[in-house]
Amino acid sequence: MFRRLAQQRLRDSDFAILALAAGLGLLIGLMVVGLQAVLSAAHSYLFGLPLEGHLSSGHVPELWRIAAVLIGGGLIYGLAAAVVRRLRMHEVVDPIEANALFGGRMSLRDSISLTLMNLLSVSVGASVGMEAAYTQTGSGLASRVGQIFRLRRGDLRILVGCGAAAALAAAFNAPLAGAFYAFELIIGSYTLAALAPVGVAAVSATLVSRGLFGGDPMFFVPSVFNVGGTEYVASILTGLLCAFVGILAMRSVSHVESGFRLLRIPRWARPAIAGLLLAGAAMGAPQVLGSGHGAIQMVVDGRFSWPALLMLVVAKTVATSLCIGSGFRGGMFSSSLFLGSLIGGAVGTLGALLIPGLEGDAVVLTLVGMGATGAAVVGAPITMVLLVLEMTGSYPATLAVMVAVVVSIVAVRHWFGYSFSTWRFHIRGVRLQGGQDIGWVRDLTVGQIQRRDPVTVLAEMTGAELDHQFPPGAVRYLFVQDAEGVFLGVIETAAMRLNPAFGPEATARELLRASQAFLFAAQPVREALGVFDREAVEMLPVVDGARTRRLVGFVTEAYALRRYTAALERQRNQEMGSSDLFGPVEFGKEG
């Protein structure tokens, strides 16, 4: 009884949702910090780095460690992944898919499993980031808590966004970027109802991160500069280049996967082969290892010449595609930031050589490239603008970043049409463009709205019997079935007596209407409306299966439209943060 009361209070109280979001933010912040500590310890043990060092900084003491850890780690990872696939026969539902299709429902066990595999990938030096693990576990934990308290669909989706926002905010010390990541990708829209909980979760997680690591920006920008017309023109060019490289990187992942399949290499062996190839690349360019955070600071500091920067663009693109395409768990979030810094740094360095006096442009365009490539790959433009601002604390560069981000995101949508996450959905055959809630369309099925009191008659019943038992106005539809109970069709009583075939000796089988279409209880109402339109009828029967054809009910077009429209209005109400924007929504029985 106490549990039910607690659930009801949570469902009905905005302040309770805020408190839940704040508590989750603190917990997820600790989780992210803990994972970062474990990752640092793993790199220290496996590669001989100092605990505060970055793998991509290129400071691995012995090069033999790179090959040994990557190849051995790849083999261990491949075998572990094979065991996980055997135990779990389904794909892991990520936060975007959960919010779009499942009303925010995620498996915490699957999320933890993915996080551990991602942690193993990055620990052995794979060229991927941990952001996917952070957001997966944060959202999975939030979803689990929301399910325990039986939150409504809309509140559960918001809570999943809170989990992702808290995870990203803690990982990058960037509460604004974390919040807008949730709005743009996980929830799919910015709503007043989501503003407070998502903001509270992001701030709570950031406070944990800052309390343990301090509040300094992630990257130090060594100079103060003014951004003028020349920088904006260069930002447009950089945005276009970043869009091209981002598309190339996303497509390359699919090509690598296809290549492994064509070569018929066992899935468990692919990570080891990728580790071998990555080790060869890392001998000459150790910056391709890991997520790339340490190498980004090196680019900002201007430690590379433009040929080296261009070489690293190619090497990092190949390394990331090879790792993800071979099966290493991880995302392209951090890799896209590193790639962008390389592209922007190369454009800026070349510009300084061609036009003396523009040395500061290299730093500006490094930040510009980070935002533009991140937007191209991740598909969250405002998030990337805010992330660059919060990671560097450089406001003057933010305007140039915004210009490049706009150019990049428009170019990617025109030339490609996907971000990395939605591209992966497309490859799997799942049509999603973001976290917008479209699952309710599938959840509202014919079985939920059908009437279950059809009037049935036998196929051999005569016209005289029909006329006697069902006088005009008694019933609107008669559902005809044979002696075995198999549904045959429908008679509309209003038109029955006008049928030329009607007579005392005519059978019900001979009086069936022309359309013999039917629906299934599991069909979405949206599909049913298409059948109504195609058949040009006002009512359709519902059967249990195409073979058995046992009648279970019927649905009228008017009622289906009413329920579908009401669901649309309810969804719009939730997005606008108003419960009565379109008037009260009442679901009654059809008369």
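I will go through the sheet and then the aromatic pairs.

This is a predicted model, where local features need pLDDT of at least 70, side-chain atom pairs count only at pLDDT 80 or more, and totals for chains, interfaces and linings use all residues. Residues are numbered from 1 along each chain as its sequence is written, and side-chain values use heavy atoms, with hydrogens and water left out.

The sheet is open, with three strands in the order β1-β2-β3 and mixed pairing. Strands here are DSSP E runs of at least two residues, helices are H or I runs of at least four, and both are numbered from the N terminus. Two strands pair if DSSP finds at least two bridges between them. β1 (456–458) and β3 (487–492) are at the edges with a single partner strand each, so one side of each has no neighbour in the sheet. β1 pairs with β2 (residues 477–481) in the parallel sense over three bridges; Val457 has Val480 as its bridge partner in β2.

Now the rings. Phe, Tyr and Trp (its six-membered ring) pair if their centres lie within 6.5 Å; planes under 30 degrees apart are stacked, over 60 edge-to-face, the rest tilted. That rule gives nine aromatic pairs. In one of them, Tyr77 and Phe328 have centres 5.0 Å apart and planes at 35°, so the pair is tilted. Tyr77 is in helix α3 (residues 63–87) and Phe328 in the loop between α13 (306–326) and α14 (333–354), so the pair ties together parts 251 residues apart in sequence.

Ring pairs also join Phe172, Tyr181 and Phe333 into a cluster.
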